[in-house]
There are 2 protein chains.
Amino acid sequence: MTGSRVLILGAAGMVGRKLAERLAGAPQLAGRPVKELILHDIVAPTAPRSTVSTTCLTGNLAIEGEAERLASFRADIVFHLAAIVSGEAERDFDLGWNVNCRAMHRLLEAIRAAANRPRFIFSSSIAVFGAPFPDEIPDEFHCTPLTSYGAQKAIGELLVADFSRKGLVDGISLRLPTVCVRPGKANLAASSFFSGIIREPLNGQEAILPVSENVRHWFASPKSTVGFLVHAAGLDLDLLKGRPSVTMPGLSCTVADQIAALREIAGDKVARLIRHQPDETIDRIVRTWPQAFQARRAAELGFAAETDFRDIIHIYMKEDLGRASHAGQKSA
Amino acid sequence: MTGSRVLILGAAGMVGRKLAERLAGAPQLAGRPVKELILHDIVAPTAPRSTVSTTCLTGNLAIEGEAERLASFRADIVFHLAAIVSGEAERDFDLGWNVNCRAMHRLLEAIRAAANRPRFIFSSSIAVFGAPFPDEIPDEFHCTPLTSYGAQKAIGELLVADFSRKGLVDGISLRLPTVCVRPGKANLAASSFFSGIIREPLNGQEAILPVSENVRHWFASPKSTVGFLVHAAGLDLDLLKGRPSVTMPGLSCTVADQIAALREIAGDKVARLIRHQPDETIDRIVRTWPQAFQARRAAELGFAAETDFRDIIHIYMKEDLGRASHAGQKSA
């Protein structure tokens, strides 16, 4: 059986790195061995230890010729995880639209020109949705993004859908939940605290909680997130029936639920390292975010995530605790 | 009171021409007199008889510099009706994406650079929706277009929304129903027969009906469509609450309802000029189209359309019957 050539864009980011490690460790994807890994990012990706042939590329997807360079590899499977993250796309309007929209369109055009019709897995986001919402958002709810990042992801989905409909790529867009617990340092994303209030205390450090404990949100672990991507690579896309944007499953819980799980696992002393310091700006932003999804289609398609926040903490402790210095700082 | 400078893109199309005539005849828009009309299209627009100063421009929105030329007029109100229509965008993938997506993005960028924040009214379409549907599509239903044209219109909406959110334009997107009765000759659009089965018999000619009489669809007259655009120009956009894509009201009726209305108005002899000649391809396409919308938001915002198909026929008879030779051939 011939193996697959797999291209990961955004391979230096947290999810990209974990995906590359997963493929390097168990080099099987969509029922075929992984023959070659091509890792691309704007900063140098790290090749995981592996017997799989790995090529690391550094480059800016937004500059002339880069999409064509990537398409020329004629990968069988493309994971497009590269993006200007939400906070940055909001601050730098031109940068966000250039990378997340125009460069993505050019990438699809370059793949079309290469004419090898790869499986194309696009990491979209629940940021395509914007309040007001029903308590539980159905799969057929409209996209009314409240950030440029969300608008760009929604456009990416429409591009993937039309290029797929025309048979130019074999595409699927996964609307990823907020990934929690993110390893690494806190960053400037408004969502940073959802991971910080678990990660910092487990590392013996104080964490700031800027919102009230009754804030509810939608989570999946990095492990589940990588699982979504791997599952999407092998999925029979006829099952999507022409609607290739799928809201991924996740776990809906409140900040209070998060803290209770932390206390149960690590004890009260650790949980008391969370200090409540209300920040009205962050609170206002977070109130416009989804709290829960039905995600029925994803379940029918075999995507699965955690159902208990304690599992999410355990995954962090097993995968990342103690290797925080390796972690990136990107976050949507 | 100073008057408005109004720019119409796509001014040689059927709706653009009727809008220009309306503004020329009653030169008042958004509570202010119309001081100047600038009409633009890829074919030469016709200046309506008017006391309003009118400039006719011919040019291709997709070529370098054209968006900047248009933005340099610093119009107070921009009607963006220009598009590659659905059948053509489906046949010519590059042309559709170039004009309907990339050129629209460049137009918004050029307007942003001109920094005069005009009211920007974008003619979107019910083609942003794709089957399967509920019988009556709610305002919060997702966009899953089944044509490149529909995908491009959905992207246009997302651009208008984000540029508006950032205060770069003062934008609104109107999802127009199928316009009926279109004056002029039949064209190659799959929807052409909806107008043809009324227009041709009223002109003493035979019309082909390619689908069964139980096909149901969503209509508004050209007069109502122009009314939507004019109403949008004067609307308080704060009422949109950050969701500037609005499904316009329309009339849901079957082909049988259309024929019954024609028979009542023009008599059985005229109605018998409709010849049923099933076309499976057209039938299959039309079956994926929306049948009815709730359109509650539009009603709350004061948009109004016909509620009786007989009114739609009467509007055609009053506005267009006998002047068919003046009509264009564009159709979504």
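The contact between the two chains takes 17 residues from chain A and 17 residues from chain B, where two residues are in contact if their C-beta atoms, placed from the backbone, lie within 7 Å. On the side of chain B that touches chain A, helix α5 (residues 148-165) of chain B gives the most, with 7 residues; helices (H or I, at least four residues) and strands (E, at least two) are DSSP runs, numbered from the N terminus. By class, this side of chain B divides into 9 nonpolar, 4 polar and 4 charged residues. Ala, Val, Leu, Ile, Met, Phe, Trp, Tyr, Cys and Pro count as nonpolar, Asp, Glu, Lys and Arg as charged, and the others, Gly among them, as polar. Of the interface residues of chain B, 100% are also interface residues in chain A, so the copies meet through the same surface.

The structure is a predicted model, in which local features need pLDDT of at least 70, side-chain atom pairs count only at pLDDT 80 or more, and totals for chains, interfaces and linings use all residues. Residues are numbered from 1 along each chain as its sequence is written, and chains are lettered from A and ligands numbered from 1 in the order in which they are written. The model scores are ipTM 0.95 and pTM 0.96. The pLDDT, the predictor's confidence in each residue from 0 to 100, averages 94 in chain A, and 97% of the residues score at least 70. Residues 324-332 of chain A have a pLDDT below 50; this stretch has 30 contacts in the model beyond near neighbours in sequence. Where pLDDT is low, the predicted coordinates should not be read in detail.

Within chain A, helix α4 (residues 93-114) and helix α5 (residues 148-165) pack with their axes 9 Å apart, at an angle of about 10 degrees. Axes are lines fitted to C-alpha atoms, for helices over the stretch in contact, and angles run from 0 to 180 degrees between N-to-C directions. Helix α4(A) is therefore roughly parallel to α5(A); angles under 35 degrees count as roughly parallel, over 145 as roughly antiparallel, 65 to 115 as roughly perpendicular and the rest as oblique. Residues in this contact include A:F93, A:W97 and A:M104 of α4(A) and A:Y149, A:I155 and A:F163 of α5(A). The contact comprises 9 nonpolar, 6 polar and 1 charged residues.

Helix α1 (residues 14-25) of chain A and helix α7 (residues 222-234) of chain A have axes that come within 10 Å and cross at roughly 65 degrees. These two helices, α1(A) and α7(A), are therefore roughly perpendicular to each other. A:M14, A:V15, A:K18, A:L19 and A:R22 in α1(A) meet A:P222, A:T225, A:V226, A:L229 and A:V230 in α7(A). The residues of this contact divide into 7 nonpolar, 1 polar and 2 charged.
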